[in-house]
Amino acid sequence: MKKLAVIGHPVRHSLSPLIHNYWIAQHGFEGRYDAIDLTAAELQQKFGDLIGHGYTGMNVTIPHKIAVMDLCDELDDSAQKIGAVNTISVSGDGRVKGRNTDAFGFIANIKAQKPDVDFAAGKAVVLGAGGATRAVVYGLLQEGVREIIVTNRTKSKAGEIAEYFGVDVADWDERNDALENAALLVNATSLGMDGQHALEIDLEKLPQHALVADIVYKPLMTDLLQKAQDRDHDIVSGLGMLLHQARPAFEEWFGVMPDVDAELQQKIESEAG
Ligand code: NAP
């Protein structure tokens, strides 16, 4: 019986147990995926305890994605470049390996919703400079996007990301103008999410062929996506990123890359909504 878990604080609303237990049952594997609440003060001690109790895989969520890096023996390129870990696997000899599957999830979700997407089509504008933005920028660079502009309310944070990844930065107040000639617009801020402020943006200068993606998934149809759809842009909603980021973790633990099928999609949509 494989023991797996998501660790975070708070963690009880995490959708990861539903996703992984669905795949465990679908594939007939012997395994159990739990949600375990650990505070920052408990992380180091309890992380070790969980491994001692036979947990061989974990997902890591807020607020531990950065702190857990120090508890890993090995970090892959995604974890190092994004600067955060969301997936842990423990090998037979006890070595703890950390990686980050958010970039995979972001890109795989776009490809699933828009199979004809051409990432080399032109400039990408990314709104935000939090943890999610680092994953988005890493993913876009891996797909060969040649020009990326990051814009964020706190410009210094956008500047750090731009310098680290070698991309460009625009002032938040000039975000509408930055859309000129863009082929892709991504909202990686928390704006537009239920309970958060609205995302104020004017899509007038965004070329008609541009794709608009939102990684906020609550609501599924954000104001940004609605506004983009009303202007006949292709749109990509954010919930699939959550589903797709789980796939490489499951593959690492069970050796099978699972699919996001219609039944799982529906379960998650009703749970998230
Ligand atoms: P974060 O680190 O807290 O970053 C939040 C971002 O939103 C920052 O860039 C912040 O700007 C910006 N922001 C917040 N309030 C703002 C306001 N009033 N005006 C302008 N900008 C504002 O969060 P994160 O981890 O990057 O996540 C961002 C969003 O993505 C969240 O809604 C999260 O749920 C979602 N997400 C979705 C997935 C998925 O699987 N679909 C995965 C990861 C994250 P400042 O830097 O100026 O504060």
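This is a predicted model: local features need pLDDT of at least 70, side-chain atom pairs count only at pLDDT 80 or more; totals for chains, interfaces and linings use all residues.
## Helix 4 against helix 5

Two packed helices are described by the angle between their axes and the distance between the axes. Helix 4 spans residues 102–113, and helix 5 spans residues 131–142. They pack at an angle of about 65 degrees. Their axes are 8 Å apart. The crossing of helix 4 with helix 5 is right-handed.

Helix 4 brings Asp102, Ala103, Phe106 and Ile107 to the contact. Helix 5 brings Ala135, Val136, Tyr138, Gly139 and Leu140. By type, the contact residues divide into 7 nonpolar, 1 polar and 1 charged.

## Asp102 and Lys65

Side chains of opposite charge can pair when their charged atoms come close. The whole structure holds 11 salt bridges. One of them joins Asp102 to Lys65. Their closest N and O atoms are 3.1 Å apart. Asp102 lies in helix 4, while Lys65 lies in the loop between strand 3 (55–60) and strand 4 (74–75), so the pair ties together parts 37 residues apart in sequence.

Is Asp102 buried or exposed? Asp102 counts as buried, because its relative accessibility is 13% and the cut-off for buried is under 20%. Lys65, at 23% relative accessibility, counts as partly exposed. Asp102 also belongs to the contact of helix 4 with helix 5.

## Glu252, Lys97 and Arg99

Which residue forms a salt bridge with Glu252 at 3.9 Å between the closest N and O atoms? The partner is Lys97. This pair links distant parts of the chain. Glu252 sits in helix 9 (residues 239–254), and Lys97 sits in strand 6 (residues 96–99). The two are 155 residues apart.

Glu252 is partly exposed, with a relative accessible area of 26%. Lys97 also counts as partly exposed, at 30% relative accessibility. A network of salt bridges links Lys97, Arg99 and Glu252.

## Lys155 and Asp171

Lys155 and Asp171 meet through their side chains in a salt bridge, with an N to O distance of 2.7 Å. Lys155 is in helix 6 (residues 155–165) and Asp171 is in strand 9 (residues 168–171), so this bridge ties together parts that are 16 residues apart in sequence.

Lys155 has a relative accessible area of 40% and is partly exposed. Asp171 is partly exposed too, with a relative accessible area of 29%.

How values were computed: Residues are numbered from 1 along each chain as its sequence is written. Side-chain values use heavy atoms; hydrogens and water are left out. Axes are lines fitted to C-alpha atoms, for helices over the stretch in contact, and angles run from 0 to 180 degrees between N-to-C directions. Helices (H or I, at least four residues) and strands (E, at least two) are DSSP runs, numbered from the N terminus. A crossing is left-handed if the near helix is turned anticlockwise from the far one by less than a right angle, and right-handed if clockwise. Contact means heavy atoms within 4.5 Å. Ala, Val, Leu, Ile, Met, Phe, Trp, Tyr, Cys and Pro count as nonpolar, Asp, Glu, Lys and Arg as charged, and the others, Gly among them, as polar. A salt bridge is a side-chain nitrogen of Lys or Arg within 4 Å of a carboxyl oxygen of Asp or Glu. Buried means under 20% relative accessible area, exposed over 50%, partly exposed in between (1.4 Å probe, protein chains only).
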